[in-house]
Amino acid sequence: MTEIVQPLGSRVLVRVLAAESVTASGLSVLDTAEVRVADDDHLIIETLDLLAILRDEPAAAAAA
């Protein structure tokens, strides 16, 4: 059975890329809402706390 995590309200599920608790610029990454999905760590945060969305560039756009 596959589990699906669906954040409620204005929250989003964010995959954690770096394991550091403090970034190079001094920002602290809180781990109070950590969730483990498919062997990857994720955070559930408010939408307003997002600064950017990282997406893979489509192959067609990269070749142009």
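Student: At what relative accessibility does Asp41 stand, and what does it count as?

Tutor: Residues are numbered from 1 along each chain as its sequence is written, and side-chain values use heavy atoms, with hydrogens and water left out. This is a predicted model: local features need pLDDT of at least 70, side-chain atom pairs count only at pLDDT 80 or more, and totals for chains, interfaces and linings use all residues. Buried means under 20% relative accessible area, exposed over 50%, and partly exposed in between (1.4 Å probe, protein chains only). Asp41 has 30% relative accessibility, so it counts as partly exposed.

Student: Which residue forms a salt bridge with Asp41?

Tutor: A salt bridge puts a side-chain nitrogen of Lys or Arg within 4 Å of a carboxyl oxygen of Asp or Glu. Asp41 pairs with Arg36, with the closest N and O atoms 2.7 Å apart. Arg36 is exposed, at 55% relative accessible area.

Student: How many salt bridges does the whole structure hold?

Tutor: Two. Glu46 and Arg11 also meet in one, at 3.4 Å from N to O. That pair links distant parts of the chain: Glu46 sits in strand 3, Arg11 in strand 1, 35 residues apart. Glu46 is partly exposed at 28%, and Arg11 is partly exposed at 41%.

Student: In what order do the strands lie in the sheet?

Tutor: Strands pair through backbone hydrogen bonds, either parallel or antiparallel. Helices (H or I, at least four residues) and strands (E, at least two) are DSSP runs, numbered from the N terminus; two strands pair if DSSP finds at least two bridges between them. Here three strands form an open sheet in the order 1-3-2, with antiparallel pairing. Strand 1 (11–15) and strand 2 (34–37) are at the edges with a single partner strand each, so one side of each has no neighbour in the sheet.

Student: How many bridges join strand 1 to strand 3?

Tutor: Five, and the two strands run antiparallel. One detail to look up: Leu13 has Ile44 in strand 3 as its bridge partner.

Student: Is His42 buried or exposed?

Tutor: His42 lies in strand 3. It is buried, with a relative accessible area of 9%.
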